[in-house]
Amino acid sequence: MTDGFRIWEKWDHPVTVDHMIAMNCGRRFWNADPAKIEANYGKVLTGLCQEICSFINDGRCLIISGPSFSGKTAAAVILGKHVFRYGGSAYIIRPNDLLEAKETGKEIEDGCDVWGYCERIDLLILDDVGSPDTVGRFGEQHVENMVRRRYNKMLSTVVTTPLAPVKFSELYPSVWSMLMNAGSLLLVSGQDWTKGDSDGNGS
């Protein structure tokens, strides 16, 4: 990082398989492409990608809300890919895995624990927050703690959720307030991308 900027427009490196693995991204989403995402929010996503350097350097955040298989995870992964393009780092993790990492001290590699890594990565994607199979109140507190630590450091966080905005704000009031104060809300369509699509643009 130089002069307070974490990523630079002049870098623009190609995204490789190693980047996708480093992001902890499932193979299904490696080919996620904004051009294949429904036009009503694909244009918004493309705009965010074009502003990704200022998005990261300003510590902006985003909540992506929509039904299951509507493209939430794909949209978040696309943002992560653009962070890598400009020399930054990104990581995607579900609440259950975040809780496990906190409880077990799980490491990404020797000497680098997952929880600590999530605290300092340029872009953290908390995926599927509030889905029926995620943890209860204890895990929700860990989500809040992680978001708060990153918010205080002006680090960007993207949360995907199947919950409607009103429901999410009720279950995660502090997380909602922090993310909306530092960013915006993206509502995705109800189209089921698992039907006839194998290019990683669903979820």
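In this predicted model, strand S6, spanning residues 156–161, has six of its six residues buried, so the strand is largely enclosed by the rest of the structure. Burial here refers to a relative accessible area under 20%. In a regular strand, side chains alternate between the two faces of the sheet. In S6 both faces are covered: Ser 156, Val 158 and Thr 160 are buried on one side, and Thr 157, Val 159 and Thr 161 are buried on the other.

The pairing of S6 with other strands comes next. Strand S1, residues 61–65, pairs with S6 in the parallel sense over four bridges. Within this part of the sheet, Ser 65 has Thr 161 of S6 as its bridge partner. Strand S5, residues 123–126, also runs parallel to S6 and pairs with it over four bridges. Here Leu 124 stands opposite Thr 157 of S6.

Most residues other than glycine have a negative phi. Phe 69, however, has a positive phi near 65°. This residue is located in the loop between S1 and helix H4, the latter covering residues 72–85. With a relative accessible area of 43%, Phe 69 is partly exposed.

Met 154 likewise is not a glycine, and its phi is positive at about 60°. Met 154 occupies the loop between helix H7, residues 137–152, and strand S6. Its relative accessibility of 48% places Met 154 in the partly exposed class, whereas the six residues of S6 are buried.

How values were computed:
Residues numbered from 1 in each chain as written. Predicted model: local features only at pLDDT ≥ 70, side-chain atom pairs only at ≥ 80, totals over all residues. Heavy atoms only, no water. Buried < 20%, exposed > 50% of the residue type's maximum accessible area, 1.4 Å probe, protein only. Helix = DSSP H or I, 4+ residues; strand = E, 2+ residues; numbered from the N terminus. Pairing = 2+ DSSP bridges.
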